[in-house]
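This report covers a pocket, some charged pairs and a surface patch. The sequence and coordinates come first, followed by the notes.

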Amino acid sequence: MEQTPVAGIRKVIAARMLDSLQNSAQLTLTLKADVTGLTKLQKPMSETAQKQYDVKLTITDFIARAVVLSLKQHKQMNSAYIDERIHTFGHVHLGMAVALDKGLVVPVTRHAEKLSLLELARGLKSLAQRARGGQLDSEEMQGSTFTITNLGAYGIEHFTPVLNPPEAGILGVGAVQDTPVFVGDEVQRRSLLPLSLTFDHRVLDGAPAAEFLRTVKQHLEDPYRLVL
């Protein structure tokens with residue numbers, strides 16, 4: 001039997017996740033967004049952005065933009081439970097989980113509500129690249145108001161993300177699945193994206209959390225609003 005001491009980043013993750021589960025009331029809601037239109041829009045937009053701005057636009061970038069717009073509309077989700085008070089933020093500091101060999105880090109894109117889709121994509125990629133190179137400082141991994149974690153690359157669909165304390169919400173993104181769907185009386189091939197929202201029930205109830213998740217879904221299913 002091999003035994004490995006828990007130290008460094010793994011020790012920090014272990015402490016934070018245990019604290020998260022012990023000191024919050026977590027509940028997860030799931031649904032699927034039809035991203036057929038988004039996948040068709042993303043490819044030509046990404047090619048254009050790559051040629052003109054040297055930035056590749058991924059589905060994750062569109063999801064991040066949808067989350068930011070939804071947080072502006074549903075401010076209760078953009079909150080934190082601190083010292084028996086609910087702190088609701090006027091800004092969106094978006095955390096995006098990045099998997100490293102030694103563990104998980106969450107770089108923070110500050111004031112994401114002020115960024116266009118292109119600016120947001122550029123910022124997310126820069127932070128992720130620097131995270132993988134071990135170049136982030138501690139300030140760039142603090143202060144997020146909401147987090148996104150994406151396991152789609154591993155083929156995972158729905159899962160239960162754990163809150164990044166003291167945030168009130170975290171969105172888990174799964175793998176896009178091509179699925180036969182009834183559209184009226186016809187069966188069509190559609191691309192469905194699984195979304196899993198974990199929220200702190202001390203901060204908000206199921207109905208407003210569901211409204212937020214539904215708004216994310218609506219943005220993704222009407223992708224042109226994400227580029228305006």
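## Charged pairs, pocket and patch

D34 is buried, its relative accessible area being 19%. That value falls in the buried class because the class takes in residues under 20% relative accessible area. The model is a predicted one.

The partner of D34 is R190: the two form a salt bridge in which the closest N and O atoms are 2.9 Å apart. D34 belongs to strand β1 (residues 26-34) and R190 to strand β11 (residues 186-200), so this pair ties together parts that are 156 residues apart in sequence.

In total, the structure holds eight salt bridges. Side chains of opposite charge can pair when their charged atoms come close.

E221 and K217 are both in helix α5, four residues apart, so about one helical turn separates them. E221 counts as partly exposed at 35% relative accessibility, and K217 also counts as partly exposed, at 23%. In the pair R225 and D222, R225 is partly exposed with a relative accessible area of 33%, while D222 counts as partly exposed at 34% relative accessibility.

A nonpolar patch on the surface is formed by Y224, V227 and L228. Together these residues have about 360 Å² of accessible area. Y224 sits in the segment after α5 (206-221). With a relative accessible area of 54%, Y224 is exposed, because that class begins over 50%.

The largest pocket has a volume of about 1200 Å³. Its lining consists of 47 residues, and those nearest the centre are M96, A97, V98, V105 and V106. By residue class, the lining divides into 29 nonpolar, 13 polar and five charged residues.

Which helices and strands each supply at least two residues of the lining of the largest pocket? The helices are α1 (8-22), α3 (59-73) and α4 (117-132). The strands are β2 (79-82), β5 (98-100), β6 (103-105) and β8 (146-150).

Technical notes:
Residues numbered from 1 in each chain as written. Predicted model: local features only at pLDDT ≥ 70, side-chain atom pairs only at ≥ 80, totals over all residues. Heavy atoms only, no water. Patch = residues over 30% accessible without salt bridge, like charges linked within 9 Å, V, L, I, M, F, W, Y side chains within 5 Å. Areas by Shrake-Rupley, 256 points an atom, 1.4 Å probe, with all protein chains shown as cover. Salt bridge = Lys/Arg side-chain N within 4 Å of Asp/Glu carboxyl O. Buried < 20%, exposed > 50% of the residue type's maximum accessible area, 1.4 Å probe, protein only. 1 Å grid on protein atoms, 1.4 Å probe; cavity = no way out; pocket = protein on both sides within 12 Å on 5 of 7 lines; lining within 4 Å. Points joined across faces, edges and corners; volume = space filled by probe spheres on them. Nonpolar A, V, L, I, M, F, W, Y, C, P; charged D, E, K, R; others polar.
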